[in-house]
Amino acid sequence: MKRTHFLFFILMAILTINLKAQAPRISLVLLADLSSLDLSAFALERNLSNQQKIFQVVIQPEGINAYIEGKIDWQASINSSASEVFRFQTKIFKTRNFFSDELASSSDLLLEDKTVDNDLIEEIIERGKLTGKVKITLRLFSENGQFLSESYSDIVLLNPSPTISINLPQEDSQFDVGNIPLQWTPVNGALRYLIKANTYSEGAESPTAALHSGTPIINDFNAGTLTSINLATVTKTREWYGGQKVVVIVKAVISESGREKELNSEPVTFELVQPGGAALTSKTTLKPDANMVRLADVLQDAVSSEFLKKLKDGTIKLSDVQIVDENNQPVSSDSFMLILSFLEANNPLIISKTFIPKP
Amino acid sequence: MKNHIVLFAALISFGINTFLQAQKKSDINAVAYVQKIVKIVEQRNSDKEVWAGAKIATPLPDGGQVKTGAKSLAIVKFLEGSLLRVRENSILNIYGKKEGKKVISNTYIDKGAVQFEVQKQGDDEFRFTTPTAVAAIRGTDGLIFCDTTVTRVYLENGELYIESTTDPTKNGKIVGGEKISVDQDGNIVVAALTDEDKIIIDKAKLQTTKKIIIKTAHGDVEVEYYTSDQK
């Protein structure tokens, strides 16, 4: 009798452990750095096949009938209250691991219900880059509606980054008509960049008005996905000459689920000089690299004045430096731009700045 | 010669044993542990005069202290699960005691800022004491910062009761989304958290650090910075 009780107890214990082990658990693994995300990836409801993978959903064990309720909340400036961008519920499916881009596209992961705040999605996309706070929440339910597990990811994106801005030419600089480097900050997810430039008469009209008067000399030239170009080589509707003032803007074209939107840079003005002109020799012998000038501003209290001067006067250019991370892995120019913007906007978050001079 | 070897071995054995006993005792009395260190973090126990560099997993007994330098961060985790992010230029004293089944964790903040995530567990209570106030909290998170003249608490969630150390009859209570300040005269001001306050709280939670190294022909520059955390 005692032995029977003991066996019964053991069996119950095994059964309990087994049942517990079989209760599916969901976990959310963020794949993308949201600060560099193509924002159209948030337009999940549009069932695009080329959506980015934002997260992976890991559900163990597999093969159990269940459904997921999910939502994405966004706080525009961290401080405003959170708003729900997107909420969905899947149809009942056999649990398995999957990526976010499979939601609503894989035949076994179709949506039962969804709510989308299209105005908010518009707003996010118009910003050009995700800032504020994003919370992704997923809740797993059994096919009978019993709550099983929850997972969420709460990401604070503090850098109120610029949308798109021109690094070169710098405002009021002078350039040889045959060599006008134009460089701008990349926008993640940009399909292409368009360049518009026109001459203007100082005092007679504003640079912005000049851009929209008549046919601009460079009228939405398609630079593809390049982030720098020599304006001298770009197709023009008419010629320009030394001594003329020029205003230029760069527009990033981004996609929002099949619709295209443009993000404009602030206009930058500069002056053209004829090759070999007096002004040219005096002002273009040194061509500051705008990004190195920005870096100099971030580093100004930590490096020698001589090094600062080299950063500012063009002796050190972005193309000449090697940038690596803490694991000695190369950092791309695009990533460096993002980090530079972050450091500019969040100076108090810099822990240390160390300079090791070379003889 | 043989006798010397035996004596030497016995002494070594005694030394190791004493060290292990002391270590065990220290662990048993631990109230909290140092979970993460960024830059300069020092620690000392109540029986020590001298500050020593803290190490990850350093046990902090009742009366232990943690001090952070400029741009530094120490994450202190209590055994019951509460977590404190001790921001730069702060000094935190840690106390813990059991009253029956109830664990009372207390901290004294001389100066600085501490972001807290306090677990709610049964009757346990968590207290912050500063030069101007004593705050009692249960299951809440926010930011407390103080100097010798004023204490400010920004509360994200939960509830907090606070009273003046100079005049305990002056006290106040706030809930998530509110902030409170208590000065050295016991003046208490309650207000809603502003947008700027919420940004300050979010920044106080940052604990991930990254580095970027720019190598040039004229010298190398290394910048270390706090960045957004991803859970």
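This is a predicted model: local features need pLDDT of at least 70, side-chain atom pairs count only at pLDDT 80 or more; totals for chains, interfaces and linings use all residues.
The axes of α5(A) and α7(A) are 10 Å apart, and the helices pack at an angle of about 35°. The crossing of α5(A) and α7(A) is left-handed.

Which residues make the contact between α5(A) and α7(A)? From α5(A) they are A:Asn291, A:Met292, A:Arg294, A:Leu295 and A:Val298. From α7(A) they are A:Phe336, A:Met337, A:Leu340, A:Ser341, A:Leu343 and A:Glu344.

Keep A:Phe336 in mind for the core. The largest nonpolar core has 35 residues, and A:Leu311 and A:Phe336 touch the most other members. Several elements give two or more residues to this core: α5 (290-299), α6 (305-313), α7 and β20 from chain A, and β6 (73-78), β16 and β17 from chain B. Helix α7(A) provides the largest share, six residues.

Now to A:Leu311. Leaving out residues up to four places away in sequence, A:Leu311 touches A:Met292, A:Val293, A:Leu295, A:Ala296, A:Leu299 and A:Ile316.

In what order do its four strands come? The order is β19(A)-β16(B)-β17(B)-β20(A), in an open sheet with antiparallel pairing. At the edges are β19 (322-325) and β20 (350-357) of chain A, each pairing on one side only. On average, neighbouring strands of this sheet are turned by 15° against each other, direction ignored.

One pairing in that sheet can be followed residue by residue. Strand β16, residues 208-216 of chain B, pairs with β19(A) over four bridges, in the antiparallel sense. There, A:Val324 has B:Ile213 of β16(B) as its bridge partner. As for the helix, α7 (residues 333-345) of chain A lies across β19 and β20 of chain A and across β16 and β17 (219-227) of chain B. Its angle to β17(B) is about 65°. When you look at any of these strands, remember that in a regular strand the side chains alternate between the two faces of the sheet.

Now chain B as a whole. Chain B has two helices and 17 strands. Of its 231 residues, 43% are buried. Among contacts in chain B with a separation of 6 or more, 41% are between residues 24 or more positions apart.

Within chain B, take strand β1, residues 30-38. Strand β1(B) runs antiparallel to β4(B), residues 59-61, and three bridges join them. In this pairing B:Ala30 stands opposite B:Pro61. Strand β1(B) also pairs with β6(B), over six bridges and again in the antiparallel sense. In that case B:Lys36 has B:Ile75 of β6(B) as its bridge partner.

Last, some backbone details. Most residues other than glycine have a negative phi, and most peptide bonds are trans. Where are the exceptions here? B:Lys39 has a positive phi, near 65°, and is not a glycine. B:Lys39 sits in the loop between β1 and β2 (41-44) of chain B. Its relative accessibility is 42%, so B:Lys39 counts as partly exposed, the class between 20% and 50%.

In chain A, A:Asp172 also has a positive phi, of about 65°, without being a glycine. A:Asp172 is in the loop between β10 and β11 of chain A. That loop, between β10 (166-168) and β11 (173-176), also holds A:Pro169. The peptide bond from A:Leu168 to A:Pro169 is cis, with omega near 0°. Another cis bond runs from A:Gln60 to A:Pro61, with omega near -5°. A:Pro61 belongs to the loop between β2 (55-60) and β3 (65-75) of chain A.

I end on A:Leu263, in strand β17 (residues 259-264) of chain A. Is A:Leu263 buried or exposed? Its relative accessibility is 6%, and buried means under 20%, so A:Leu263 counts as buried. The C-alpha atom of A:Leu263 is 5.1 Å from that of A:Ala252, a residue eleven places away along the chain.

Key:
Residues are numbered from 1 along each chain as its sequence is written. Chains are lettered from A and ligands numbered from 1 in the order in which they are written. Side-chain values use heavy atoms; hydrogens and water are left out. Buried means under 20% relative accessible area, exposed over 50%, partly exposed in between (1.4 Å probe, protein chains only). Contact means heavy atoms within 4.5 Å. Two strands pair if DSSP finds at least two bridges between them. Axes are lines fitted to C-alpha atoms, for helices over the stretch in contact, and angles run from 0 to 180 degrees between N-to-C directions. A nonpolar core is a set of buried Ala, Val, Leu, Ile, Met, Phe, Trp, Tyr and Cys residues joined through side-chain atoms within 4.5 Å. A crossing is left-handed if the near helix is turned anticlockwise from the far one by less than a right angle, and right-handed if clockwise.
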